[in-house]
Structure formats: C-alpha cells, structure tokens
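Colleague: I'm new to this one. Can you walk me through it?

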Amino acid sequence: MYDHRKLGRELELFDTDPLIGSGLPYWLPAGAVVRHTLEEYIRGVERRAGYRHVYSPVLGKRELYEISGHWSHYRDDMFPPMDLSGERLGGERLGGERLGGERLGGERLGGEQMVLRPSLCPHHALIYRSRAHSYRDLPLRMAELGGMYRSELSGVLGGLTRVRAIQLNDAHIFCAPEQVADEARAALELIREAYGALGVSPARYRLSLPGPGGKYVGDPGMWRRSAALLTEVLDAAGVAYEAVEGEAAFYGPKIDVQIVDSAGREATLSTVQIDFHQPERFDLRYAGPDGAMRRPVMVHRSVIGSVERAVAHLIESHGGAFPPWLAPVQLVALPISDAEVPHALALVRQAADRGLRAEAAGPQRGTLGARVRAARLVPYQAIIGAREAADERVSLRLRDGRRLEARPAAEVLAGIDLLTSAHSTDLWTDPRGQAGGR
Ligand SMILES: [Zn+2]
C-alpha cells in the first residue's frame with residue numbers, strides 16, 4: 001500500500017506549512033479537483049436519495065454544545081472556547097446595536113464564548129426546530145458537507161488522516177421511530193453504492209456499543225433500543241460485523257465502516273448512528289396524525305466520512321490512479337510531432353466542452369515514451385500521429401497499458417464521457433458491449 005502523504009506531495013494534491021500549523025493541510029489545484037469532484041458526486045447521490053442540503057456556520061455559542069451534551073461529554077476533543085469580551089464587543093457596533101450583556105455558561109457576564117463546532121448535529125437540530133413539522137414531512141433528510149474541528153494532539157497529525165479542520169460529509173435524518181430501521185438500511189446502501197464508485201472496500205463493519213465509564217449519556221433503555229435496531233439493520237444487510245464495546249458516540253451506538261491505512265492503522269470512514277438523545281435535548285417535535293406532538297429520532301449518517309480521510313484512503317488504495325471520473329486529469333493528448341500539436345489542442349478543447357479534464361503534452365516535454373510515462377496515472381492517453389491527424393482520429397492508450405485501434409476523436413470522447421458520467425471504475429467499455437478492466 002502507498003503512503004498518501006508521500007504520494008500527495010509527489011502528485012501535488014495537498015501540502016502543509018508550519019506557519020499554518022500541523023493538521024491543517026491545504027489543497028493544491030489537482031487535489032482541489034479531486035475534492036470538488038468527490039463532493040459533487042456525494043451531493044448528487046444524496047439528492048437522488050431524497051436529501052436536501054443546507055449550510056450552517058462552523059461556530060456556535062458554547063451554550064449550544066452544553067445543550068447537545070458535547071460540552072460535558074466531548075470537551076477534551078474540542079478547541080478551547082473563544083472569549084468575545086463584553087468590552088471589545090461593546091466598543092464595536094454591529095448593525096448599530098450593542099452586543100453583550102448576556103450571561104452564558106454561568107461564567108461570563110457581558111461577553112460570549114464561541115466554540116468551533118465539534119460536529120454538525122446541533123446546528124441541524126436547530127434548523128429542524130426552526131420550522132413546524134408534521135408526520136407527513138418525515139423522514140426529513142438534511143445534508144451538509146460542512147466544516148468541523150477537532151483538537152487533535154500534534155503528535156498524531158500527519159497528512160490528511162488526522163486533521164484539526166475537517167470537512168464532513170454529514171446528514172441527519174429526522175424521522176418517526178418506526179422509520180428508523182428503513183432509513184439506517186438505506187444509508188448503509190448509499191455507503192455501498194459510493195464505495196462501488198470509488199473502488200474501495202471496507203476492512204470490516206463494526207457495531208460500536210458503549211463501554212464502561214461515564215462518557216455516555218444516560219437511559220439504558222434508549223441504548224438497548226438503538227443497538228437492537230442497528231443489529232437488525234446489519235443482519236438484514238447480510239454483512240459480517242463485529243460488536244465492539246467502548247466505540248459508541250456519547251449519545252448513541254453506531255455502525256462504523258472501517259478502513260485500514262498504509263501504516264496498518266484502522267480508522268472509521270462511514271457511520272450510521274441512531275440518536276434518541278439530541279431530539280430530547282433540543283425538544284424536537286412533529287405533529288402526529290392525531291395532532292398530538294411527538295418526538296422524532298435522529299439518524300446521523302456519513303457516506304464517505306471526512307473528505308480528508310476519504311481522499312487519503314483513495315490515494316493509498318489506488319496508488320494515485322484514481323477512478324477515471326475522479327482523476328485530476330482524465331485525458332492527455334500526445335501529439336507525436338509538432339505538426340500534430342494543433343490537433344491535440346483541438347481534442348483538448350472538445351474534451352473540455354464535454355466537461356472532461358484534459359491537457360496536451362507536446363514534443364517539447366520530451367520523447368513520446370517519456371510523455372507516456374509522465375502521464376502514467378492519467379486514465380486516457382490519446383496519441384495523435386500524422387495518420388490519425390489526417391482523418392481526425394486518435395489512438396487511445398489506457399492507463400493499464402491496453403491500446404485501442406485508432407478511432408474517431410468524437411467516439412473516444414463519447415466513450416470516456418459515458419463511463420465518467422456513470423461514475424464507473426472501468427477504464428473502457430467497448431461500444432459493442434464488451435466490458436473493460438480497470
Ligand atoms: Zn450528527
């Protein structure tokens with residue numbers, strides 16, 4: 001297996017700078033393309049599955065996390081709160097109004113404490129609560145690819161796997177108790193679909209249960225109920241799993257989809273969690289068919305987990321040879337001599353018109369062999385010599401070494417477009433119906 005930190009730098013996907021700080025990588029253009037493409041794919045999958053997307057701020061008042069329970073159960077993993085002193089705020093004017101004067105967290109008078117959020121759930125609970133809901137609105141699936149923060153120790157930081165600023169593919173499904181199992185099952189199915197498109201496979205499924213110690217919220221009945229539901233979902237999905245104590249979230253048990261990194265360390269990528277706690281804490285309601293107010297359940301789920309960890313895993317499991325739809329550059333046009341450079345540039349333009357990411361590498365970049373080697377991770381290499389140029393054809397060389405006979409440029413682009421639009425991991429499917437390999 002490859003080390004994503006080494007490959008990430010070689011392929012110019014991301015980097016870090018001590019002045020920004022460890023655990024705070026930045027994304028270079030090629031990495032940003034991968035990230036953007038991945039995020040758009042996930043949003044598309046979620047839209048089709050009935051999710052609606054929101055945006056919410058990465059900060060909230062400390063009080064919000066006192067209500068959610070993060071402050072008392074999760075504070076060790078949070079950044080220290082920021083004091084907005086009454087004096088400073090009093091001196092500034094926001095919209096002509098003076099802020100401050102509010103008593104927060106029982107400690108500060110005249111100021112506020114703001115917290116970098118450790119999760120998106122509290123914001124989503126408030127968004128749910130901001131509108132009245134009836135049983136007809138449920139299940140209400142709220143999704144966001146949003147920032148959250150974790151105060152990791154600097155010793156464990158490195159590359160994209162342990163970061164302090166996390167972009168999470170998150171969603172919360174607010175549903176009636178009898179809808180929970182179906183929603184959790186559907187979430188697990190989304191995870192399987194995404195793994196198929198990404199060409200990754202889980203190391204194992206884990207049913208994460210609470211362990212001894214006081215870091216979990218109360219009510220044993222609630223824990224039993226949630227664990228029974230998740231067990232039912234895992235059994236119905238027909239996947240092998242292990243139940244592990246001590247790995248639950250503080251508010252509920254979860255299904256964790258585990259992956260293994262290049263150093264052999266296991267980590268959680270995707271999760272499905274059942275939560276009776278936060279709906280209670282935030283007093284979330286919906287009107288039942290009889291008009292009586294009822295309490296929804298929250299299903300927390302993440303299909304690819306954090307974008308950082310997902311990309312790290314993709315780099316390592318594919319050795320930088322991303323599935324064609326995700327590759328930073330999908331097609332490289334290689335003119336054999338200067339005479340075919342205009343044809344190569346025209347091909348790049350046609351590819352771009354189709355939304356494909358293409359570039360040309362002309363003879364000034366070395367021999368054809370050297371250029372093919374330099375583009376070894378690019379899924380499609382279109383070689384254009386005098387013969388091909390004469391009748392608008394290209395000879396396609398696939399990343400796995402296969403060569404296709406010269407064919408019209410338009411046909412080649414249509415074939416690539418078909419596979420990448422379908423988020424296929426195949427490199428080529430012959431128009432006559434023969435499936436290609438990776
Ligand atoms: Zn959540």
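Colleague: What kind of model is it, and what pLDDT does the protein chain average?

Modeller: It's a predicted model. The protein chain averages a pLDDT of 90, and 91% of the residues score at least 70.

Colleague: Where does pLDDT stay under 50?

Modeller: One such stretch is residues 88-109, where the model has 25 contacts beyond four places in sequence. Residues 434-438 also have a pLDDT below 50; that stretch has 13 contacts in the model beyond near neighbours in sequence.

Colleague: Noted. Which domains does the assignment give for the protein chain?

Modeller: Domain 1 takes in 4-58 + 117-318, and domain 2 covers 331-421.

Colleague: And how many Å apart are the C-alpha centres of domain 1 and domain 2?

Modeller: Those centres lie 39 Å apart.

Colleague: Let's do helices. At what angle do the axes of helix 7 and helix 8 cross?

Modeller: Roughly 50°, and the axes come within 9 Å. Helix 7 is residues 180-198 and helix 8 is residues 220-237. That angle makes helix 7 oblique to helix 8.

Colleague: Is the crossing of helix 7 and helix 8 left-handed or right-handed?

Modeller: The crossing of helix 7 and helix 8 is right-handed.

Colleague: Which residues make the contact?

Modeller: From helix 7 you have Val 180, Ala 181, Ala 184, Arg 185 and Leu 188. Helix 8 brings Leu 229, Leu 230, Glu 232, Val 233, Ala 236 and Ala 237. By class, the contact of helix 7 with helix 8 has nine nonpolar, no polar and two charged residues.

Colleague: What about helix 2 and helix 10, how do they pack?

Modeller: Helix 2 (residues 29-48) and helix 10 (residues 307-318) pack at an angle of about 110°, and their axes are 11 Å apart. Helix 2 and helix 10 are therefore roughly perpendicular to each other. Their crossing is right-handed.

Colleague: Which residues meet there?

Modeller: Val 34, Arg 35, Leu 38 and Glu 39 of helix 2 meet Val 307, Ala 310 and Val 311 of helix 10. In that contact of helix 2 with helix 10, five residues are nonpolar, none polar and two charged.

Colleague: Switching to the backbone: which peptide bond is cis?

Modeller: The bond from Leu 138 to Pro 139 is cis, with omega near -5°. You'll find Pro 139 in the loop between helix 6 (121-129) and strand 9 (140-149).

Colleague: And what is the phi of Glu 12?

Modeller: Glu 12 has a positive phi of about 55°, although it isn't a glycine. Glu 12 sits in the loop between helix 1 (4-10) and strand 1 (14-15).

Terms used. Residues numbered from 1 in each chain as written. Predicted model: local features only at pLDDT ≥ 70, side-chain atom pairs only at ≥ 80, totals over all residues. Domains from an automatic or database assignment. pLDDT = per-residue confidence, 0-100. Contact = placed C-beta atoms within 7 Å. Axes fitted to C-alpha atoms, helices over the stretch in contact; angles between N-to-C directions. Helix = DSSP H or I, 4+ residues; strand = E, 2+ residues; numbered from the N terminus. Parallel < 35°, antiparallel > 145°, perpendicular 65-115°, else oblique. Left-handed = near helix turned anticlockwise from the far one by under 90°. Nonpolar A, V, L, I, M, F, W, Y, C, P; charged D, E, K, R; others polar.
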